[in-house]
Number of protein chains: 2
Amino acid sequence: MPRTPILSASGIRATALAIIDRDGLDGLSMRKLAAELGVRAASLYGHVTTKDDLLHELAGEILERVDVGGFADGDWRHGLTTCARSYRAALAEHPNIVPFLAYGPAHREASLRRLDVVHGGLVRAGWGRREATMIAASLMYLVFGAALSTFSSGFSPDQAAYRDRYPNLDKAHLLPAVAAELDHDSFELALAAFVDGLALRHPGSPRRAGP
Amino acid sequence: MPRTPILSASGIRATALAIIDRDGLDGLSMRKLAAELGVRAASLYGHVTTKDDLLHELAGEILERVDVGGFADGDWRHGLTTCARSYRAALAEHPNIVPFLAYGPAHREASLRRLDVVHGGLVRAGWGRREATMIAASLMYLVFGAALSTFSSGFSPDQAAYRDRYPNLDKAHLLPAVAAELDHDSFELALAAFVDGLALRHPGSPRRAGP
DNA sequence: CTCCTCAACGAACGGTGTTAGGTTTCCCAA
DNA sequence: TTGGGAAACCTAACACCGTTCGTTGAGGAG
């Protein structure tokens with residue numbers, strides 16, 4: 001019954017994302033995706049122009065959920081903080097796709113639209129245009145860095161090898177649960193320290209800049 | 001003359017890195033690498049166990065150049081800053097391999113060894129063990145984030161499309177040269193703000209912590 | 001001169017993304 | 001009622017990928 005299709009763009013995206021979440025980025029192939037949908041690989045190309053395009057759509061879908069509404073009340077510190085948290089949360093929901101995003105996060109439509117909002121909020125709060133651009137970029141650094149280089153993934157395989165070899169490193173982060181908490185706390189520390197450091201540089205700050 | 005080999009592990013690595021720098025990470029294939037060395041693909045496997053392994057060796061080679069010597073004199077701010085700059089410089093020299101590094105930067109031998117040194121330096125400077133771990137992690141966020149989400153790569157193709165679409169964003173960063181400078185300045189800003197924010201939290205600081 | 005080692009080879013396997021062309025099935029118009 | 005058309009999926013194939021196998025042939029050792 002070809003006229004009541006079993007394939008749809010959104011269904012393909014959902015299944016593709018599920019496979020990536022389950023099997024990793026390399027675990028997604030067009031044939032496997034098709035099989036999971038009860039179909040042959042070629043049929044997908046009626047709904048998706050290319051695999052790369054599919055991944056970009058997935059990326060856009062994820063970035064669409066990032067909330068940049070925190071700038072509404074004019075408090076740039078609050079806006080920056082909530083935006084960063086929302087961004088990180090969105091990426092953390094699908095960690096396996098982050099390496100793909102990493103190929104060019106700054107150039108994605110959805111990402112740019114959000115950057116523009118952040119930039120506007122910062123300028124309204126008294127930052128210069130160039131400073132605002134740099135602050136928005138810095139926020140990206142933090143968010144993407146945190147999404148990539150987590151302690152939580154991949155440490156477990158040979159814990160014994162790490163023990164004793166790096167005397168200074170905290171041994172505790174070998175446990176997945178502890179590692180996830182450490183990731184979270186590290187991100188919060190980095191974000192708080194960054195925003196505090198920015199506050200020292202804000203045009204309206206009591207003592208400006210200074211090393 | 002098979003007994004005077006034309007292949008060597010280090011030569012393979014050098015050519016592979018050159019291809020990645022030139023053609024991108026996806027531009028490297030074993031057949032192309034072999035052809036570039038005047039050889040067939042199968043011959044490579046006498047010197048390299050696997051393509052993935054080759055990439056890991058390349059990654060190690062790059063990370064080996066990161067300088068963590070800044071902690072020698074006991075000034076944690078100087079140590080953190082020089083380490084971050086050195087790290088970023090090492091990654092920026094071969095930007096195309098960064099997405100591969102991003103698959104698990106915290107788990108690489110060379111990376112861990114350096115993290116251990118940073119951690120030791122921080123503890124010696126008065127930070128708690130857990131705080132030191134989080135600061136080291138935060139540093140990774142900044143460095144890898146900066147290496148990935150640069151403004152400089154990829155904006156040029158359709159500058160016209162960006163213009164006028166994002167009214168708040170600075171138009172200047174569309175020019176590659178300006179973009180590179182913006183990347184650099186953004187990283188320096190993020191690093192300085194982060195370190196300043198940390199200083200507020202240091203055990204020996206006049207006014208501890210923040211809101 | 002013979003033998004033996006070993007680097008590089010040719011061919012192949014199973015997998016990938018993608019395309020061209022063919023087949024089925026339904027809806028709508030005549 | 002019947003035929004046309006279009007949509008949805010199919011099979012088959014292409015060019016490429018990473019990797020393995022058994023072979024080839026040149027050089028040094030005896």
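Two residues are taken to be in contact if their C-beta atoms, placed from the backbone, lie within 7 Å. The model is a predicted one.

Take helix α3 of chain A, residues 51–63. The buried residues of α3(A) are A:Leu54, A:Leu55, A:Leu58, A:Ala59 and A:Leu63. An α-helix has 3.6 residues a turn, so residues three or four places apart point the same way. Among the elements that cover the buried residues of α3(A) are α1 (9–23), α4 (76–92), α5 (98–101) and α6 (109–124) of chain A.

In chain B, consider α7 and α9. Their axes come within 10 Å and cross at roughly 170 degrees. Angles over 145 degrees count as roughly antiparallel, and therefore α7(B) is roughly antiparallel to α9(B). The crossing of the two helices is right-handed. From α7(B), B:Ile135, B:Ser138, B:Leu142 and B:Ala146 meet B:Phe187, B:Ala190, B:Leu191, B:Phe194 and B:Leu198 of α9(B). This contact has 8 nonpolar residues, 1 polar residue and no charged ones.

Between the chains, 50 residues of chain A are in contact with 52 residues of chain B. On the chain B side, α6 (109–124), α7 (129–148) and α9 (176–201) each supply at least two residues. The largest share, 14 residues, comes from α9(B). By class, the side of chain B that touches chain A has 29 nonpolar, 16 polar and 7 charged residues.

Conventions: Residues numbered from 1 in each chain as written. Chains lettered and ligands numbered in written order. Predicted model: local features only at pLDDT ≥ 70, side-chain atom pairs only at ≥ 80, totals over all residues. Helix = DSSP H or I, 4+ residues; strand = E, 2+ residues; numbered from the N terminus. Nonpolar A, V, L, I, M, F, W, Y, C, P; charged D, E, K, R; others polar. Buried ≥ 20, exposed ≤ 12 C-beta atoms within 10 Å, placed from the backbone. Axes fitted to C-alpha atoms, helices over the stretch in contact; angles between N-to-C directions. Parallel < 35°, antiparallel > 145°, perpendicular 65-115°, else oblique. Left-handed = near helix turned anticlockwise from the far one by under 90°.
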